[in-house]
Every structure is written in C-alpha cells, then in structure tokens.
Amino acid sequence: MTYSESEERQALRAAVAELGAKYGPDYYVRKAKAGEKTDELWQEAGRLGYLGVNVPEEYGGGGGGIGDLAAVCEELAAAGCPLLLMVVSPAICATIIARSGTDEQRKHWLPRFADGSVKMAFAITEPDAGSNAHRITTTARRDGDGWMLNGQKTFISGVDEADAVLFVARSHDQKGNLRPSLFILPTDAPGFTWTPIDMEIVSPERQFICHLDDVRLPYDALVGDEDGGLLQLFAGLNPERIMASAMGAGIGRLALDKAIGYAKDRQVFKTPIGAHQGIAHPLATGKIELELARLMQQKAAALYDAGDDMGAGEAANMAKYATAEAAIHIVDTAIQTHGGNGLTSEYGVGMLAGVVRLMRIAPVSREMILNFVAQHSLGLPKSY
Ligand SMILES: Cc1cc2nc3c(=O)[nH]c(=O)nc-3n(C[C@H](O)[C@H](O)[C@H](O)COP(=O)(O)OP(=O)(O)OC[C@H]3O[C@@H](n4cnc5c(N)ncnc54)[C@H](O)[C@@H]3O)c2cc1C
C-alpha cells in the first residue's frame, strides 16, 4: 500500500493543471453563459492524450486506468473547468466498449475516444423510473436482422454535442426474459429526437429529454452479448462514480483555494477575517473532509484498476458520497467567507453552488448510496 501517487500520475496532474490554467474559470463561465461549448479545451485535452489516458495503448490511448482519467478530471475541475462529459464519454462509454464491445466496436470507437475526437453520451435515466433503473421501459425488439427501439430518457447530458449515445434498453435474452442491454445509437438516427431541459446550473453541457420512436439499429449496435447486459452496464458505473468523485474534489479544491485567498486578504476589523476561528475552522474542516474523500476516491480507482470490481463498487459509492458532501460544505463555506462577494459573478464562488449540489443527486443520489451501504456493507435488510 502506498499513500503517494506514482511520479507518472503526479506529472500528469501537473501537465493537466497547466492546461486547465491556460483556460481557467473565466473561459468556462463565459462559454457556459453564452450557451457555447468548451470545444477548444476538449480538443486540446484530446490532442494531448489526456482524454484517452485510460484507453488501451493498442487503440492509441495512454494505457492507464480510471485513476489516471480521474486525475485529469480533478485537475481540470480544480482549474475551474469541470467537464461533465468526461464523466460520461471517456469514463462510462469508453470503459464499457473496451471491456464488453465487439472487436469492430473497439476498433471503431476506441481510437476516437483516445484522441477525444468523438463524444458519446450515456442514457439510462427515465422519467418514470428515476433512481429505480429496474423500472426502465425503453425497449429494444428484434426487427428483422436488427433492432427497433422505443422509449424515453431524461436528463441526458451532452446529446447535442455527442456523435452517439450509449442507450440502456430492455431486450429479451435467449430465455425470453427482459434484461437491460446496451446499444450504440448515432445521434442522427431517424426517429431519435431530443429537447433541452432548462437547468439552474452554470455549465456548457446541457441536459435533454430524448425520444426514441421506432428507431431502427443494425444488429451490431448491441454492445457485448444479449445476455450480459447488467454486468456490462456495471463495468461503466464504478468509473462513473469515481469520476463524479474526482470532479467534486476538483471543485472543492477550487472553492477552498478561493476562500483561503480571500480570508487572508479581507480585513474588516483589525486582522484578516481568516484569523477569526468562525472563518478558519469551517475551512479547516473542509480541507479534512476533502482529503478523506480524495483518499477514498484513490482507493476506489486503485481497486478498480486492479480488477477488484466488488471492492471498487463499495469504495466508489463511498467516495462519491464523501466527495459530494465535502464539496457542498466547502462551496457553502467559501460563499460565507466571501460575504456578499460570495454571490457576485466576479468572484466565481456562488456559481459553483449549482454544480456541487448536483453531485448529491447524480449520477446516483446520496440516499441510494446510503441504501447500498446499509444493505451491502452493513448487511441490513433491503429498505426499498
Ligand atoms: C445535471 C444532470 C445531469 C445528468 N446526466 C445524466 C446522464 O447523462 N445520463 C443519465 O442517464 N442520467 C443523467 N442524470 C440523471 C440522474 O442520474 C438522476 O437525476 C438521478 O439518478 C436521480 O434520479 P431522479 O432525478 O429521477 O430522482 P428520483 O429517483 O425521483 O429521486 C428523488 C429523490 O428521492 C430519493 N429516493 C428515491 N428512491 C429512494 C429510496 N428508495 N430511498 C431513499 N430515497 C429515495 C432520491 O435519493 C432523491 O433524493 C442527470 C441528472 C442531472 C440533474
């Protein structure tokens, strides 16, 4: 067991932090408020290989693990550029295709994930199912030599900028049971439409309600085999949680740095406000909570990269929970530290509130993580 990251990981963090600093929070917020995408940053990160650090080398990637991709995500978020689609495209979609895709799917998609030249959205959430993924009703029926998909998804991030969406739909397995399966659906497929949802989050990535009306796909749109849907899906969910945790950690670091800087400078009585324990202690608490959460995130990534999916599942859930809570507390503390300036656009702290608050809800809510831990870690009866 080691408590310091490898020299390669540290060098990766430093290089990504440098790239993030080149763009920074002003660029990110300007793009988000103008309704534009952070394409320049995405493309440069892709060209430099940062978006494909976890893609196997034989497909042009860095050959690293989810720990490396999480480091990239955290450093960009800490530099003020939290890229939500990193959680989806290279983490969930590339992982699932690398682990479960056919040879053709790997050859087609992985080199493009490696250089960031494609984006793939991920769609599981449905309006009437929500956190209960067992209730999804989007179906994929065999139709001649292909598939016919019908259904609806909601809150799907980045559909407008994605080349394809990895869809979770129910299909009949070889015994006739309905099981979740994964399909790669090009965003220009006839019958596939989407409408944006107005969100109160400052982010260049948008969320969409998606409709599938008799969408025809070829047989090879299915990822992996017809019977292995759930296992294939789970392959992508631990990376998703680890990445959400990394993004939360980066935003927490950003908010903490801003608050510390302000607390050292701002003086309204005889000393800087940071000399008052009412300001210093919540910041110190935030630092402790954040470091504990980051430790769990690194453990989750290390277990996942070592092939321990069971261990990684528990740790990834705990890391996602802990980082979300730490980041929410820190952003709230940072706003309080800034006083009125905490809610101005100029100081860039208040705008973090929406995105960290999201971390308690998505990709899996705080309550569903507590349900998981109560049942699987504590052995308590299932409560729902
Ligand atoms: C900005 C954003 C981006 C997103 N991006 C994507 C995406 O790209 N792809 C995608 O598929 N989805 C995406 N989602 C959806 C996200 O994963 C869901 O919002 C999340 O899983 C919660 O589902 P829900 O919103 O339907 O809440 P619900 O399931 O309706 O839950 C509402 C509340 O009830 C609680 N609750 C429900 N059941 C229980 C229970 N048994 N015990 C205790 N509490 C319970 C929940 O924790 C929550 O607090 C995104 C959401 C947002 C907000």
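Let's start at a turn: in the hairpin of E2 and E3, which has 2 residues between the strands, Gly144 takes a positive phi near 60 degrees. Strands here (E) are DSSP runs of at least two residues, and helices (H or I) are runs of at least four, numbered from the N terminus. Strand E2 covers residues 139–143 and pairs with E3 in the antiparallel sense over 5 bridges; strands pair if DSSP finds at least two bridges between them. Within this pairing, Thr139 has Asn150 of E3 as its bridge partner.

A quick note on the model: it is predicted, so local features need pLDDT of at least 70 and side-chain atom pairs 80 or more, while totals for chains, interfaces and linings use all residues. Residues are numbered from 1 along each chain as its sequence is written, and side-chain values use heavy atoms, without hydrogens or water.

| Residue | Its atom | Ligand atom | Distance |
|---|---|---|---|
| Phe122 | polar backbone atom | nitrogen | 2.8 Å |
| Ser131 | side-chain N or O atom | oxygen | 2.6 Å |
| Ser157 | polar side-chain atom | nitrogen | 2.9 Å |

The protein covers 68% of the 970 Å² of accessible area that the ligand has on its own, by the Shrake-Rupley method with a 1.4 Å probe.

Notes:
A polar contact is a pair of N or O atoms within 3.5 Å; within protein, one must be able to donate a hydrogen and the other to accept it, and residues adjacent in sequence count only if both atoms are side-chain atoms.
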